[in-house]
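Open the model in a viewer with the sequence panel beside it. The stops below are given as selections, each followed by what is there.

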Amino acid sequence: MESTIKREQYTQSHPPIIPQSYPWLVIRDGKHLERQKIFNISKNKYYSITIPEMHNKMICTSTNEWLLLNDLDSKDLSLLNLLSMEVVQLPRLESFTNSDVCILCPPTSESNQDCYVMIIDRSPCKFYFCQPGDEEFSEQEFEFDLEEQEYEFGAMCISAATMEDFPRPSPPEIPTTNDYLIESGGELLYIHKMRGGWDAKMILGFIILRMNFLRQAWEEVNNIGGWTLFLSQDRGLEHKAISCFAAEGVKQNSIYFTKPFDRFYYVFDLENNSISKSLPCPTVSKFMSRLDWVLIPITKS
C-alpha cells in the first residue's frame, strides 16, 4: 500500500555540494531543465542551486562527483565535476540513444588519462569507448551464441558474465519489469522492479536476487540488512543504481526509487513490502520533473 509522507522542508540558495555517505537527490525542471534543486534525505532539506552546465542536459550516469551528460538538443556528450564545476567535452556519438548503457570510469588525476567512457548499444551488442581528448569513439561489436529471447532486458550480458541462465521474475502475471544490476556490500545483486496496471506505470514491488558464486546460481533474498539501495530511471534511459550503508535519517533494508517525469521519490520497505512516497520540493513541476540520485562519496585522506 502506498502512503504519502509529509514533512517540513527548508530552502537555501547556493549551498556547497559536499561529499556524504549517501546520495543527493538532484531535481531539475523547466522547459530547458534550467531550475535545479538538490535534496538531502537525511536532513530532509532541499536547496536551490544554479548550474548552467546542466541546463538542457540528461544525466546518463554518475560516478563519484562526475556526471556524464547528454545535451537533449545537440546530443553532445560531456563530463561535469559537481565539486569543481570542471567540464570535459567528449566526442559526438551519432548513434547514442536513451536506452544505451553508460559506464563511467572517472578521472583521478589532472591529465584525465585514467578516465574512460563506455557506451553499450544493447540491440546489436555494440560497445563504444573513448577517453577525454579522443576525436571519436572507438567501436567494437560482440557476437554471442545465445537464444534470441536472452537479449531482452540485458539478460544476454548477465548470462555471459555469471555463466548461469538468468531467472525470469515471478509470479508470471507481472507484465513488465525494470532491471538493475548492482554491487552491494561485496555481493552482486540483480533487482526486478515489477510494474503493472493498464499503462504499466504502477509499481507493484521488487524482487532481489543475489549471485551465489560458489553454487553459480541466483538466489532470491528479502533482507539486505543495514544497506539501502537507490534507483533512478529517466524515460527509456538505462536504469541507474547506487548502494550505501544506511546513514542516520536514511531507512535501512529499503529501496529508494524515482519515476520518469514524477516529482516524488518513493521508498519500498523490504520488511513489510510497503511503498511510501515523499515530496522533496513542492515548487517543481508536477509532471515534467527529473530526479536523479547522485553519490559524492567521502574520500579518505
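Rings of Phe, Tyr and Trp, the last taken by its six-membered ring, count as a pair if their centres lie within 6.5 Å. By this rule there are 13 aromatic pairs in what is a predicted model.

**Aromatic rings.** Select Phe264 and Tyr266. These two rings form a tilted pair, with 6.5 Å from centre to centre and 50 degrees between the planes. Phe264 and Tyr266 are both buried. Next, select Phe39, Phe230, Tyr256, Tyr265 and Trp293, which ring pairs link into a cluster.

**Whole chain.** Zoom out and colour by secondary structure: the protein chain has 1 helix and 22 strands. Of its 301 residues, 51% count as buried. Among contacts with a separation of 6 or more, 49% are between residues 24 or more positions apart.

**Confidence.** The mean for the protein chain is 80, and 78% of the residues reach 70 or more.

**First sheet.** Select β4, β3, β2 and β22. These 4 strands form an open sheet in that order, with antiparallel pairing. At the edges are β4 and β22 (290-294), each of which pairs on one side only. From one strand to the next, the twist averages 25 degrees.

Within this sheet, look at strand β3 (residues 35-40) and strand β4 (residues 45-49), which run antiparallel and are joined by 5 bridges. Asn40 stands opposite Lys45 in β4. The two strands, β3 and β4, form a hairpin with 4 residues between them, and Asn44 in the turn has a positive phi of about 55 degrees. On the other pairing to inspect, 5 bridges join strand β2 (residues 24-29) to β22, again antiparallel.

Select β5, β6, β7 and β8. The order of this open sheet of 4 strands is β5-β6-β7-β8, and its pairing is antiparallel. β5 and β8 (87-89) are the edge strands, each pairing on one side only. Here the twist from one strand to the next averages 25 degrees. Strands β6 and β7 run antiparallel, joined by 5 bridges. Leu69 has Ser78 in β7 as its bridge partner.

**Nonpolar cores.** Which residues touch the most other members of the largest nonpolar core? Select Leu79, Val117, Ile119 and Phe137: of the 20 residues in this core, these touch the most other members. At least two residues of the core come from each of β5 (57-63), β6 (66-71), β7 (77-81), β9 (101-105), β10 (116-121) and β11 (126-130). Apart from this core lies another, of 19 residues, including Tyr22, Phe39, Cys244 and Cys281.

Leaving aside neighbours within four places in sequence, Leu79 is in contact with Trp66, Leu67, Leu68, Glu86, Val87, Val88, Leu90, Leu104, Cys115 and Val117. In soluble globular proteins, nonpolar side chains tend to be buried together.

Note on methods: Residues are numbered from 1 along each chain as its sequence is written. Side-chain values use heavy atoms; hydrogens and water are left out. A nonpolar core is a set of buried Ala, Val, Leu, Ile, Met, Phe, Trp, Tyr and Cys residues joined through side-chain atoms within 4.5 Å. Buried means under 20% relative accessible area, exposed over 50%, partly exposed in between (1.4 Å probe, protein chains only). Contact means heavy atoms within 4.5 Å. pLDDT is the predictor's confidence in each residue, from 0 to 100. Two strands pair if DSSP finds at least two bridges between them. Axes are lines fitted to C-alpha atoms, for helices over the stretch in contact, and angles run from 0 to 180 degrees between N-to-C directions. Rings of Phe, Tyr and Trp (its six-membered ring) pair if their centres lie within 6.5 Å; planes under 30 degrees apart count as stacked, over 60 as edge-to-face and the rest as tilted.
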